[in-house]
Amino acid sequence: MPMSDAKSIQLSITGLTKVYRSGEGVRDFSLHVNKGELVTLLGPSGCGKTTVLRTIGGFLEPDAGDVRIEGESVLHLPPEKRPTAMVFQSYNLWPHMNVFDNLAFGLKLRKFKKQEIKERVAYALDLVRLPGSEKKYPSQLSGGQQQRVAVARALLLEPKVLLLDEPFSALDAKLRLEIREELRDIQAANKLTMVFVTHDQEEALSISDRIVVMNGGSSEQIATPQDIYDHPDTLFVAEFIGRMNFLAGQAAGEHIRMQTVAFRNDKGLSGNVKIAVRPEDVQLLPDESAQEGLPGTIRQVMVLGHYAEVSVDTAAGVTKAFVPREEARSLHPGSTVTIGFTRATAYAVPS
Ligand SMILES: Nc1ncnc2c1ncn2[C@@H]1O[C@H](COP(=O)(O)OP(=O)(O)O)[C@@H](O)[C@H]1O
Ligand SMILES: [Mg+2]
């Protein structure tokens, strides 16, 4: 690896293992995060996201592996000595202190001068769009505002890596959308290095430079949101991310057959396979004109705003297609159609 690449790695997790007495936890987890990068740990509840994050922050001691920040192992450091700051799901503000005191606390510990503390607090409140709220108490703020203060407090510590564990999951949907866009703006403008945890795939897809999809204590795929969406490495990722049809097929030699349709068997699979197709990659061809494809019968047409979701019964399974609303006008339950696929990926069926 050339020096310049090695230098840009801000956080390095290698072979991290932390197994609880229950046998659950995280096994052999590795991840490298570049300076200024926002990486999201995404996966269902219990897959080990918080375990990884708390190990980076120093709240948990790993059984094996290393955590390095700017090349130096931080394992021997307690949380408050690590160059990290953490934002939790619950805001963790001190209720008896006003916003200024909540924010100034860390700076006072670090012996900043009064005037500088004032300026820094004001700057941080500006960043999170709460200018002038120094004198307010947490109870006078909404959930979203309290979480903004929590983010400001973490930013004031000027961490080399900012850790956020489902920070917005207690907020309602609309606010969550707003605040995550703001966070992404702040992160990008200040080139912050962030590890963000969520179980919400839409949140992960929308804000991340890269996503780690986790399952049962290990990572299934680490890639950009686009790659995760377009090329899921495993059946788990294909099932977890976005809408997907799964159709039954058989692999033998060079081909995978799905009833009347054949695909190239790129992965050298054999026997029964699942063929994954996104609804936007399904084409409905008028019955007469179609030369090849999968024959089917329309079961249902649901108009959802600017597009319609069409369910089609086929011998390989029910297939959903997204079609423009205009096109859906001519589609009716009971009509026969032929289905074409612009993209499909086959996966071995777990035995
Ligand atoms: N302190 C603990 N003691 C025993 N088991 C734990 C503890 N913390 C977490 N676990 C288990 O380890 C697994 C991973 O937990 P966690 O990292 O919190 O997952 P996530 O944040 O993805 O929901 C879960 O099955 C959880 O029940
Ligand atoms: Mg968690």
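Please find Lys191, which comes after helix α6 and has a positive phi, near 50°. Before going further, keep in mind that this is a predicted model.

Now step back into α6 itself. How many residues does it have, and how far apart are its end C-alpha atoms? It has 17 residues, which at 1.5 Å a residue should span 24 Å, and the end C-alpha atoms are 25 Å apart, in agreement with that. The buried residues in α6 are Arg176, Ile179, Arg180, Leu183 and Gln187. If you look down the axis of α6, those buried residues fall within an arc of 105°, so they line one face of the helix. On the other side of α6 you will find Lys174, Glu181 and Ala189, which are exposed.

What does the buried side of α6 pack against? Its partners are β3 (38-42), α5, β8 (194-198) and α7 (201-207).

One of those partners is α5, and I will take that helix next. α5 has 14 residues, and at 1.5 Å a residue they should span 20 Å; the end C-alpha atoms are 20 Å apart, which agrees. Is α5 mostly covered or mostly open? It is mostly covered, with 12 of its 14 residues buried. The buried ones include four in a row that you can pick out on the screen, Val149, Ala150, Val151 and Ala152.

Next, what follows α5. Leu157 sits in the loop between α5 and β7. Leu157 and Thr84 are 73 residues apart along the chain, yet their C-alpha atoms are separated by 8.2 Å.

Glu158 also follows α5, and its phi is positive, near 45°. Then comes Pro159, again in the loop between α5 and β7. Pro159 has 19 other C-beta atoms within 10 Å and is partly exposed. Its contacts, with neighbours within four places in sequence set aside, are Pro83, Thr84, Ala85 and Ala154. For a pair that is apart in space, take Pro159 and His231: 72 residues apart in sequence, and 34 Å apart from C-alpha to C-alpha.

Helix α4 runs over residues 114-127, and its 14 residues should span 20 Å at 1.5 Å a residue; its end C-alpha atoms are 20 Å apart, which agrees. The buried residues of α4 are Ile117, Val121, Ala124 and Leu125. Seen down the axis of α4, they fall within an arc of 100°, so they line one face of the helix. The face turned away from that buried side carries exposed residues, namely Gln115, Glu116, Glu119 and Asp126. The buried residues of α4 pack against α3 (99-109) and α5 (143-156). Just after α4, Arg129 takes a positive phi of about 60°.

The next topic is the ligand. Which residues are around ligand 1? Among them are Tyr20, Ser22, Glu24 and Gly25, and also the run from Ser45 through Gly46, Cys47, Gly48, Lys49 and Thr50 to Thr51. Helix α2 (residues 49-57) gives the most to this shell, with 3 residues. By class, the shell has 2 nonpolar, 8 polar and 2 charged residues.

I will finish with the whole protein. There are 351 residues, and buried residues make up 37% of them. The protein has 10 helices and 20 strands. Its C-alpha atoms fill a box of roughly 80 × 45 × 40 Å along the principal axes. The domain assignment gives domain 1 (3-238) and domain 2 (243-348), and the centres of the two, taken over C-alpha atoms, are 40 Å apart. Of the contacts with a separation of 6 or more, 64% are between residues 24 or more positions apart.

Terms used. Residues numbered from 1 in each chain as written. Chains lettered and ligands numbered in written order. Predicted model: local features only at pLDDT ≥ 70, side-chain atom pairs only at ≥ 80, totals over all residues. Helix = DSSP H or I, 4+ residues; strand = E, 2+ residues; numbered from the N terminus. Expected span 1.5 Å × (residues − 1). Buried ≥ 20, exposed ≤ 12 C-beta atoms within 10 Å, placed from the backbone. Arc of directions from axis to C-beta. Contact = placed C-beta atoms within 7 Å. Near = placed C-beta within 6 Å. Nonpolar A, V, L, I, M, F, W, Y, C, P; charged D, E, K, R; others polar. Domains from an automatic or database assignment.
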